[in-house]
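Hello,

Here is the structure we spoke about handing over. My notes on it follow below.

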Amino acid sequence: MVDPIKAPARPVELDASGFHMRVTLQRGLAVCSALSLLTMGPALGCRRVDEPAPTLSAPPPRVEQPAGPAAPASNGGRTVIVPDFARVAAGLSPSVVTVISTVPRRGSQGQRKTIRGVGSGMLVSARGQVLTNEHVVADATRVQVELDTGNRLDARVLHADPMLDLALLELEGVEGDGLVPVEFADGDPTPGEWVMAVGQPFGLGHTVTVGVISGLGRDHGDLGRPPGLRADGIWSFIQTDASINIGNSGGPLVDADGKVVGIATAVRSDGQGLAFAIPAPMARRFLEEVWTHGRVRHTRLGIKADNAIDGEPPGRGSVVRITEVEQAGPAAKAELVPGDFILAINDHPVSRVSDVAYLTQLHGVGARLTMTVKRGLLPAEQVLIIPAAAP
């Protein structure tokens, strides 16, 4: 598989008793589970809390809103239609859940203590399966899920993948009737598009925030190389200015139709309005893999690569340069050699190693990928490459 850019990890340091932790930040990013309470200045709206874990706020009563068009607004002669987010929130409420993790830790003096973390999740099956972030349930000895009805149920982790930071849970003792799974959007959103986040920031049940898509294709470096996410993970984050905080992790980011476009995952604390979500297409790939194979099969191209300097090859911006080719691997079978430049995969332009890793995993093991490659001064050509399963 492609070797991503390495980044030094920083340790996670436990805070006082209760469900909070303090994360030693690198360039100021927080993974947005309540397990990771930041010790930040008051201007960032975060503070250290040493009291016992608070009681989760109950979700607000569901309110049926009357149908009707959204009110238009005039803007220099143009009509701007504002989404009816109240209706979207009411429709999404039954599908968003609270995920409560119990994690044992040892203090600095060797004493045992228990940390309770609060994150978010979404129903993805009428049988009671929940999608959330892997870091929300990592190392947990007990996981519980609270539905919008207030019912709290034990859940077991069917599969968790730190390379994708996604986990699938299954509720125990749940009655299938009345469970409403979310609906995923097709494809990627567009920068400037309205979106809404729903989650449990700081345990405040079913908090709704609104913003726009700020950018696409952000990688681990764009997020400030956070220690809470693996440097060798497969990342292509959606960026949004919708307010996302600790406890939003695993909650949905939805479009104006209430369809999930991303899974809220992280926020940079050294800026404002810099939040990030895992794209819905990768979440769907994760679910398909787990439902079909019981796990995620990671892809392997059999190459090592780096980000090429601007102007290599001539006339191009940033591209990906192959530095090593594994003997008898998928790339070798496609007759790729060190020094080749990868320009696109299935007509999707690539400019960084993270793009190659993400697109390869998104299509999956055994997929037939058309890779656009340039070698020296020769014209670019397309080659067929079939990813294998990583060991």
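**Salt bridges and overall build**

D154 has 30% relative accessibility and so counts as partly exposed. Please bear in mind that the model is predicted. R142 is likewise partly exposed, because its relative accessibility is 42%. The two residues form a salt bridge, with 3.0 Å between the closest N and O atoms. This pair joins distant parts of the chain: D154 sits in strand 10 (residues 152-161) and R142 in strand 9 (residues 142-146), 12 residues apart.

A salt bridge also connects D222 and R352, again with closest N and O atoms 3.0 Å apart. Here the partners are 130 residues apart, with D222 in the loop between strand 13 (207-218) and strand 14 (237-240), and R352 in the loop between strand 22 (348-349) and helix 5. D222 is partly exposed at 26% relative accessibility, and R352 is partly exposed at 22%.

In the pair D232 and R230, the closest N and O atoms are 2.7 Å apart. Salt bridges also link R285, E288, E289 and R297 in a network. The whole structure contains 16 salt bridges.

Helix 5 (residues 353-363) is mostly covered, with 10 of its 11 residues buried; among them are V353, D355, Y358 and Q361. Just after this helix, G364 has a positive phi of about 95 degrees.

As for the protein overall, there are five helices and 25 strands. Of its 391 residues, 51% are buried.

Regards

Terms used: Residues are numbered from 1 along each chain as its sequence is written. This is a predicted model: local features need pLDDT of at least 70, side-chain atom pairs count only at pLDDT 80 or more; totals for chains, interfaces and linings use all residues. Side-chain values use heavy atoms; hydrogens and water are left out. Helices (H or I, at least four residues) and strands (E, at least two) are DSSP runs, numbered from the N terminus. Buried means under 20% relative accessible area, exposed over 50%, partly exposed in between (1.4 Å probe, protein chains only). A salt bridge is a side-chain nitrogen of Lys or Arg within 4 Å of a carboxyl oxygen of Asp or Glu.
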